[in-house]
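Colleague: I'm new to this one and would like a walk through it. Could you show me how to read it, piece by piece?

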Amino acid sequence: MDVLDTGRDRFICDGAAVVALGGELDIATAEAAYAAIAAAAARGCVVVDLSAVEFIDASGVNAFINAMRVTTRERHHLALACPPRQLSRILDVLNLRTLLPTHGDLASAVAAHAGTRTAAR
């Protein structure tokens, strides 16, 4: 499954677009969240701001995994900022932190992608 290999050292990163999500990420909203992230990933690296997310279920987590596949195919990065405690626990239990890197705040997530160009191999 090399499509899930994020290959962070192989991708060129020159900043990241921020996609802000809020409310509930569930079966009713996961597809729209995925579409927003995928659209941003077509243009570059993406940081998903989750500071306004109140609830997330398996559909939301699946949307992030599918979005990671898209960003990887586009040779871009995807990071999550301000994950709610519920999502943090899910990522830990499912051992997804390496696949879906998280940052405690939006500023550090954006800074991790600001002007850091890594040579593509």
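Colleague: Leaving aside neighbours within four places in sequence, which residues is His-76 in contact with?

Modeller: Contact here means heavy atoms within 4.5 Å. With those neighbours left out, His-76 is in contact with Phe-11, Ala-41, Ala-42, Arg-43, Gly-44, Cys-45 and Thr-71. Before going on, note that this is a predicted model, where local features need pLDDT of at least 70, side-chain atom pairs count only at pLDDT 80 or more, and totals for chains, interfaces and linings use all residues. Residues are numbered from 1 along each chain as its sequence is written, and side-chain values use heavy atoms, with hydrogens and water left out.

Colleague: Where does His-76 sit, and is it buried or exposed?

Modeller: Helices (H or I, at least four residues) and strands (E, at least two) are DSSP runs, numbered from the N terminus. His-76 lies in the loop between helix H2 (58-73) and strand E3 (78-81). Buried means under 20% relative accessible area, exposed over 50%, and partly exposed in between (1.4 Å probe, protein chains only). His-76 has 14%, so it counts as buried.

Colleague: Which backbone oxygens does the His-76 side chain reach?

Modeller: A polar contact is a pair of N or O atoms within 3.5 Å; within protein, one must be able to donate a hydrogen and the other to accept it, and residues adjacent in sequence count only if both atoms are side-chain atoms. The His-76 side chain reaches the backbone oxygen of Ala-41 at 2.7 Å and that of Glu-74 at 3.4 Å.

Colleague: What should I look for in H2?

Modeller: Start with the general idea: an α-helix has 3.6 residues a turn, so residues three or four places apart point the same way. In H2 the buried residues include Val-61, Phe-64, Ile-65 and Met-68. The buried residues of H2 pack against strand E1 (16-25), helix H1 (30-41), strand E2 (45-56), E3 and helix H3 (85-93).

Colleague: And what happens at the start of H2 and just after it?

Modeller: At the start, a side-chain oxygen of Asp-57 comes to within 2.9 Å of the backbone nitrogen of Ser-59. Just after H2, Arg-75 has a positive phi of about 65°.

Colleague: How many salt bridges does a search of the whole structure find?

Modeller: A salt bridge is a side-chain nitrogen of Lys or Arg within 4 Å of a carboxyl oxygen of Asp or Glu. The search finds one, joining Arg-97 and Asp-92 at 2.7 Å, N to O. Arg-97 is partly exposed at 28%, and Asp-92 is partly exposed at 48%.
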